[in-house]
Amino acid sequence: MDISELQAELEKLHGASFGWALSCCRRDRAEAEEVLQTVYLKILEGKARYRGESKLKTWLFAVIRKTAITEQRKRLLRVLKSTAASNPTPEGNSFAAEPAAALERSERQRKFQTALERLPARQREALHLVFYEDLSLREAANLIGVSIGSARQHYERGKKHLRELLNREELDYGISWKRRENPGAIS
């Protein structure tokens, strides 16, 4: 695949790539943008090469995931060094930087995202890749770097755990979405 074909394919996958980068960066928009820019630079500079051994999307998502992990480690080291040298300075919150976008989010979406973030990393990754990126379990397993059986287990456990978290939150707020009464709710 020559560079112009690769560039065209990357442009087609940009939206999905950004969504995956957001997931890998725990919904921090600025961090996801930086990771994706680093990935594109790696590809253009030849540091990451597509060899056709898997689908382009699977390969690209693997590069994004590995880059996000590397950037998180670098950032953690910088924070640890600055903490040791002086008083820590709190990093900016991406929600505070975009109040209009935060206001547009519905309450249900916020609850879902909160529950999703509480899942273990592998379960969260498996769910994101299968639901949002429309990858098969086999492709998700290759991307995460686990066996298909392990990916299936993370996926199934993630769905179950997410369902439990959402149901628990419904009960905590006295919501009876499934038309059942909440005995703990104050009437």
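Biologist: What should I know about the model before I start?
Modeller: It is predicted: local features need pLDDT of at least 70, side-chain atom pairs count only at pLDDT 80 or more, and totals for chains, interfaces and linings use all residues. Residues are numbered from 1 along each chain as its sequence is written, and side-chain values use heavy atoms, with hydrogens and water left out.

Biologist: How many helices and strands are there?
Modeller: Helices (H or I, at least four residues) and strands (E, at least two) are DSSP runs, numbered from the N terminus. The protein chain has 10 helices and 0 strands.

Biologist: Why does the span of helix 7 agree with its length?
Modeller: The expected span is 1.5 Å times one less than the number of residues. Helix 7 (residues 107-118) has 12 residues, so it should span 16 Å; its end C-alpha atoms are 17 Å apart, which agrees.

Biologist: Which residues of helix 7 are buried?
Modeller: Buried means under 20% relative accessible area, with a 1.4 Å probe and protein chains only. In helix 7 they are Lys111, Gln113, Ala115 and Leu116. Of the chain's 187 residues, 33% count as buried.

Biologist: What is the largest nonpolar core?
Modeller: A nonpolar core is a set of buried Ala, Val, Leu, Ile, Met, Phe, Trp, Tyr and Cys residues joined through side-chain atoms within 4.5 Å. The largest here has 41 residues; Ile43, Leu60, Ile64 and Leu129 have the most contacts inside it. Helix 4 gives the largest share of this core, 8 residues.

Biologist: What does Leu60 touch?
Modeller: Contact means heavy atoms within 4.5 Å. Leaving aside neighbours within four places in sequence, Leu60 contacts Leu10, Leu13, Ser17, Val39 and Ile43.

How values were computed
Buried means under 20% relative accessible area, exposed over 50%, partly exposed in between (1.4 Å probe, protein chains only).
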